[in-house]
Amino acid sequence: MSEKEERIRRIIPNDKNLSLKDYFASLPKAERRPVIISAPKEELVEAIARLSGKTKMTARRWVYGYVEPCLAEKEKIAELLGCPVEVLFPPSRP
């Protein structure tokens, strides 16, 4: 199994049914020892970018809630996290 496939396999499913922004905020910070051992947030951003064919900057905008992806990309992200689209991207309130 390649390193990239291993990183995708380590992504934590969204069992709590949080929005993408809240799910991203709930991920643990990177574990640092002499070198970074685990960076769940960065791994999620990389996985979303790779899955959607977009840049990591675009994926970061999505996880921070600055911009919403199109429906096709929302469905890919929802499948990656094992959670319904409606939960990850709740309708915004005026």
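Predicted model: local features only at pLDDT ≥ 70, side-chain atom pairs only at ≥ 80, totals over all residues.
Residues are numbered from 1 along each chain as its sequence is written, and side-chain values use heavy atoms, with hydrogens and water left out.

**Surface patch**
- Tyr 64, Tyr 66 and Val 67 make a nonpolar surface patch of about 350 Å² (Shrake-Rupley accessible area, 1.4 Å probe, with only the protein chains shown counting as cover for residues).
- Val 67 lies in the loop between α4 and α5, and its relative accessibility of 40% is why this residue counts as partly exposed (buried is under 20%, exposed over 50%, partly exposed in between, with a 1.4 Å probe and protein chains only).

**Helix α5**
- In helix α5, residues 71-81, the buried residues are Glu 73, Lys 74, Ile 77, Ala 78 and Leu 81.
- These residues cover an arc of only 140° around the axis, which puts them on the same side of α5 (the arc is that of the directions from the helix axis to the C-beta atoms).
- Just after α5, Gly 82 adopts a positive phi of about 65°.

**Whole chain**
- The chain has 6 helices and 2 strands (DSSP runs numbered from the N terminus: helices are H or I of at least four residues, strands E of at least two).
- Of its 94 residues, 33% count as buried.

Note on methods:
Patch = residues over 30% accessible without salt bridge, like charges linked within 9 Å, V, L, I, M, F, W, Y side chains within 5 Å. Salt bridge = Lys/Arg side-chain N within 4 Å of Asp/Glu carboxyl O.
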